[in-house]
Amino acid sequence: MQIGIPRALLYYWYGNTWHDFYKQCGATVVVSKPTERRTIAAGAEAGIEELCLPMKIFLGHLLELDEKVERVVVPHLIRVEKTAYVCPKFMGLPDIVAHALPHLREKMLVLKVGPIVTDMMQCLTKSVHSLGWSSPAKLENSLTPAQQMMKEYLLAATGRQLTFGLLGHPYCLYDSCFNLGLLDYLAQKDVRIVTPEMTPPFFNGVGSGKLSKDLFWTLGKSQFDALDWMLSSSEPAVDGFIQVLPFACGPEAIVGDLLERKIKDAQKPLLKLYFEEHSGEAGFITRLEAFIDLVTYRRKAC
C-alpha cells in the first residue's frame with residue numbers, strides 16, 4: 001500500500017517518525033514535495049476564506065498526493081502532551097479535510113493523538129489497526145525534519161556577526177514558501193539564527209512556567225521556553241527577535257502579544273512578520289533590510 005504524508009503542519013516535528021513507522025509496517029511512503037506557490041493556490045481554492053495559510057497549505061499538499069497514493073495521513077492532533085492542547089483547527093482537521101476535499105474521505109488515514117493517549121507510538125499503532133497491520137517493535141530515535149534543516153543551516157553559520165532569535169510555529173519557520181525564504185535570506189545577509197527547536201531540553205517548561213497562568217497551547221509554551229533560553233544565553237547572544245506569524249491565527253494573537261511584552265522588557269529589538277497567501281516579497285525584503293540595519297547600528301552604538 002502507498003501512504004502519503006503531507007509536508008505541512010507538524011510534519012516538521014513528527015514527519016520522520018511517521019515516515020519510519022509506516023515504512024516499517026510495510027507501506028511505500030510518499031512525502032509530498034516542499035511547498036510551492038501552486039500548492040498554496042490549490043489549497044486556497046479548496047478551503048474557505050476563514051482558514052489560516054498553514055491549513056490551506058495542508059490542503060494543497062493533500063491534493064498533490066491524491067493521485068499518487070492509496071491513503072493519506074491526516075493528523076488529528078488534540079494533545080501531544082498532557083498539560084496543553086494543540087491549535088483548535090488541528091482538532092477539527094479530519095472534518096475540515098472531509099468538507100473541503102470530500103473525494104478524499106475514503107483515503108484518509110486518521111492519526112489521532114489525544115485527548116487521553118498522547119504517546120505517539122501508541123497512536124500510530126492504533127491508526128493502522130483498521131488496515132490489519134501490526135506495528136514495528138521499535139523505532140530508532142532520529143532528528144526531526146526541523147532539526148535536520150537547522151543542522152544543515154548551522155554548518156554554514158560560523159563567523160556570522162548578528163544573531164536573531166526566530167519565534168513561531170515550526171510550519172511557519174521551516175516552510176520557505178510560507179515565509180518567502182526567510183531563512184535563506186538571513187543566511188545571505190550573514191545572520192545566524194536560533195529557533196525554538198534548538199532549545200535545550202532542560203529549558204522545557206521554564207519560560208512558560210513563569211507566566212501568571214497556565215498556557216493552553218503546546219506551540220505557545222515552546223516559544224516561551226525558547227525565549228527564556230534565548231534571553232539567558234550568552235553563546236550566542238541574541239541581538240534581536242523575529243516573530244513569524246500566520247495572519248488571523250487566534251492562539252498567536254494572544255501568545256504573540258505576551259512574547260512581545262517580554263522581549264520589550266528585555267530591551268531587545270523585535271520584528272513581527274505576518275503571512276497569508278497574498279504576501280509579496282517587496283515589502284517583506286524592505287522590512288527585513290531595515291531591521292537588520294537597525295540591529296547592526298544598535299549593536300555598534302552599544
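Trainee: How many positive and negative side chains does the chain have, and how far apart do the centres of the two sets lie?

Mentor: In this predicted model, the chain carries 32 positive and 33 negative side chains. The centres of these two sets are 4 Å apart.

Trainee: What makes the radius of gyration of the chain agree or disagree with that of a compact globule?

Mentor: A compact globule of 302 residues would have a radius of gyration near 19 Å, and the chain has 20 Å; the value therefore agrees with the rule. Along the principal axes, the C-alpha atoms occupy a box of roughly 65 × 40 × 35 Å.

Trainee: Which elements of secondary structure does the chain have?

Mentor: There are 13 helices and eight strands. As for contacts with a separation of 6 or more, 75% join residues 24 or more positions apart.

Trainee: What share of the residues counts as buried, and what is the accessible surface of the chain?

Mentor: Of the 302 residues, 55% count as buried. The accessible surface is about 14300 Å², and carbon and sulfur atoms contribute 52% of this area.

Trainee: How do you know how many disulfides there are?

Mentor: A disulfide is a covalent bond between the sulfur atoms of two cysteines. The rule requires a pair of cysteine sulfur atoms within 2.5 Å, and by this rule the count is zero. For Cys172, the nearest cysteine sulfur belongs to Cys249 and is 7.5 Å away, and Cys172 is in no disulfide.

Trainee: Are Cys172 and Cys249 buried or exposed, and how do you know?

Mentor: The term buried requires a relative accessible area under 20%. Cys172 has 0% and therefore counts as buried. Cys249 has 13%, so Cys249 is buried as well.

Trainee: Where is Leu53 found, and why is Leu53 called buried or exposed?

Mentor: Leu53 belongs to helix α3, which covers residues 53-65. The relative accessibility of Leu53 is 3%, so this residue counts as buried.

Trainee: Which residues is Leu53 in contact with, neighbours within four places in sequence left aside?

Mentor: The contacts of Leu53 are Ile40, Phe178, Phe275, Glu276 and Glu277, with those neighbours excluded.

Trainee: How far is the C-alpha atom of Leu53 from that of Cys172?

Mentor: These C-alpha atoms are separated by 9.5 Å, although Leu53 and Cys172 are 119 residues apart along the chain.

Definitions and conventions:
Residues numbered from 1 in each chain as written. Predicted model: local features only at pLDDT ≥ 70, side-chain atom pairs only at ≥ 80, totals over all residues. Heavy atoms only, no water. Helix = DSSP H or I, 4+ residues; strand = E, 2+ residues; numbered from the N terminus. Rg over C-alpha atoms; globule rule 2.2 N^0.38 Å. Buried < 20%, exposed > 50% of the residue type's maximum accessible area, 1.4 Å probe, protein only. Contact = heavy atoms within 4.5 Å. Areas by Shrake-Rupley, 256 points an atom, 1.4 Å probe, with all protein chains shown as cover. Lys, Arg positive; Asp, Glu negative; His and termini not counted. Charge placed at Lys NZ, Arg CZ, Asp CG, Glu CD.
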